[in-house]
Amino acid sequence: YRNDILESLGLKVPETWDEFLYAASIIQRNAIDFLSKAGKLETLNDELYSVAVLRKENPDASLSELCKIYGESITRSGLNHRLKKIIDIAQELKEGK
């Protein structure tokens with residue numbers, strides 16, 4: 001996790017697994033909302049866009065639950081990788097890179 005992102009969202013450093021999962025979901029949704037408001041969500045490739053929509057439509061779902069809903073064969077690791085990529089893209093856009 002990145003403290004700067006947590007702080008910018010008013011989140012404390014997670015101390016339990018539940019707190020970590022909650023923070024991760026908030027960070028993911030914030031990145032997706034930022035990209036949407038910036039008009040960049042639709043510019044993501046199909047794999048990232050479909051995961052962004054999935055997370056947006058299922059804000060409280062765990063990675064395991066999202067994998068089941070996704071409908072295609074994807075692992076939690078694969079889904080997490082795509083969500084992290086979305087966060088990175090949003091962060092780069094925020095920083096003007």
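**Figure 1. Surroundings of S36 in the predicted model.** In this predicted model, S36 is in contact with L41 and K56, leaving aside its neighbours within four places in sequence. S36 belongs to helix 2. With a relative accessible area of 28%, S36 is partly exposed, since the range for this class runs between 20% and 50%. L48 stands 12 residues from S36 along the chain, and the C-alpha atoms of the two are separated by 13 Å.

Figure 2. Helix 2 comprises residues 17-37. How far apart are the end C-alpha atoms of helix 2? The distance is 30 Å, which agrees with the 30 Å that its 21 residues should span at 1.5 Å a residue. The residues A23, S25, I26, I27, Q28, A31, I32 and L35 of helix 2 are buried. The buried residues of this helix pack against helix 1 (3-8), helix 3 (46-57) and helix 5 (76-94). Helix 2 is followed by G39, which has a positive phi, near 75°.

**Figure 3. Q28, a buried residue of helix 2.** The position of Q28 is within helix 2. Is Q28 buried or exposed? Q28 is buried, because its relative accessible area is 7%, and buried means under 20%. Leaving aside neighbours within four places in sequence, the contacts of Q28 are R55, N80, L83 and I87.

**Figure 4. A nonpolar patch that includes L21.** On the surface, W17, F20 and L21 form a nonpolar patch. Together, these residues have about 330 Å² of accessible area. L21 is placed in helix 2. The relative accessibility of L21 is 40%, so this residue counts as partly exposed.

**Figure 5. The largest nonpolar core and the contacts of I86.** The largest nonpolar core has 25 residues, and L44, L79 and I86 are those with the most contacts inside it. Two or more residues of this core are given by each of helix 1, helix 2, helix 3, helix 4 (63-70) and helix 5. Which helix provides the largest share of this core? Helix 2 does, with six residues. Leaving aside its neighbours within four places in sequence, I86 is in contact with A31, I32, L35, L44, L48, V51 and A52. Among these contacts of I86, the residues A31, I32 and L35 are buried in helix 2.

Note on methods
Residues numbered from 1 in each chain as written. Predicted model: local features only at pLDDT ≥ 70, side-chain atom pairs only at ≥ 80, totals over all residues. Heavy atoms only, no water. Patch = residues over 30% accessible without salt bridge, like charges linked within 9 Å, V, L, I, M, F, W, Y side chains within 5 Å. Areas by Shrake-Rupley, 256 points an atom, 1.4 Å probe, with all protein chains shown as cover. Salt bridge = Lys/Arg side-chain N within 4 Å of Asp/Glu carboxyl O. Helix = DSSP H or I, 4+ residues; strand = E, 2+ residues; numbered from the N terminus. Buried < 20%, exposed > 50% of the residue type's maximum accessible area, 1.4 Å probe, protein only. Expected span 1.5 Å × (residues − 1). Contact = heavy atoms within 4.5 Å. Core = buried A, V, L, I, M, F, W, Y, C linked by side-chain atoms within 4.5 Å.
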